[in-house]
Amino acid sequence: MSRFMNPRFAALRPYVPGEQPREMRYVKLNTNESPYPPSPAVVAAVKKMQAAGAKFVLSTGRAFAAVNHPGQLGGIRFDYAITCNGACVLDSKGSIVAEHP
């Protein structure tokens with residue numbers, strides 16, 4: 001153990017991304033996933049922002065096809081989507097604006 005490591009933390013198990021618990025009494029959501037849609041307050045705030053002329057940009061590690069579903073964001077439409085962990089930027093119609101292979 002490093003001399004810089006606090007002994008209280010030495011016994012902690014590190015987070016393993018994507019690993020599901022073995023007990024199966026619950027499902028662990030990975031990364032920043034949520035089973036709930038955005039709150040009505042968030043939907044209202046984004047729509048108000050868009051009505052004032054601002055653009056809503058969705059940034060996700062997923063592909064465009066995975067996020068381009070009606071109702072996916074509680075009714076919020078995105079103006080641009082940065083997908084595939086930044087590798088592709090698309091407009092709301094799915095046209096590629098920028099690619100970074």
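Colleague: Before we start, which pLDDT do local features need here?
Modeller: This is a predicted model, in which side-chain atom pairs count only at pLDDT 80 or more, totals for chains, interfaces and linings use all residues, and local features need pLDDT of at least 70. Residues are numbered from 1 along each chain as its sequence is written, and side-chain values use heavy atoms, with hydrogens and water left out. For local features, then, the value is a pLDDT of at least 70.

Colleague: Which strands stand at the edges of the sheet?
Modeller: Strands are DSSP runs of E with at least two residues, and helices are runs of H or I with at least four, both numbered from the N terminus. Two strands pair if DSSP finds at least two bridges between them. The open sheet has four strands in the order β1-β2-β3-β4, with mixed pairing. Each edge strand has a single partner, so one side of it is left without a neighbour in the sheet; these strands are β1 (57-59) and β4 (96-99).

Colleague: What is the bridge partner of Tyr80 in β3?
Modeller: Strands β2 (residues 80-83) and β3 (residues 88-91) run antiparallel and are joined by four bridges. In β3, the residue that partners Tyr80 is Asp91.

Colleague: How many disulfides does the structure hold?
Modeller: A disulfide needs a pair of cysteine sulfur atoms within 2.5 Å. For Cys88, the closest cysteine sulfur is in Cys84, 6.1 Å away, which is too far for a bond. The number of disulfides is zero.

Colleague: Is Cys88 buried or exposed?
Modeller: Buried means under 20% relative accessible area, exposed means over 50%, and partly exposed lies in between (1.4 Å probe, protein chains only). Cys84, at 34%, is partly exposed. Cys88 has a relative accessible area of 12%, so the word for it is buried.

Colleague: Which side chain meets Arg77 in a salt bridge?
Modeller: A salt bridge is a side-chain nitrogen of Lys or Arg within 4 Å of a carboxyl oxygen of Asp or Glu, and the count by this rule is one. The N to O distance is 2.7 Å. The partner is buried, at 11% relative accessible area; its name is Asp79.

Colleague: What distance separates the C-alpha atoms of Lys47 and Gly75?
Modeller: Lys47 is in helix α2 (residues 40-51) and is partly exposed, at 41% relative accessibility. Lys47 and Gly75 are 28 residues apart along the chain, and their C-alpha atoms are separated by 9.3 Å.
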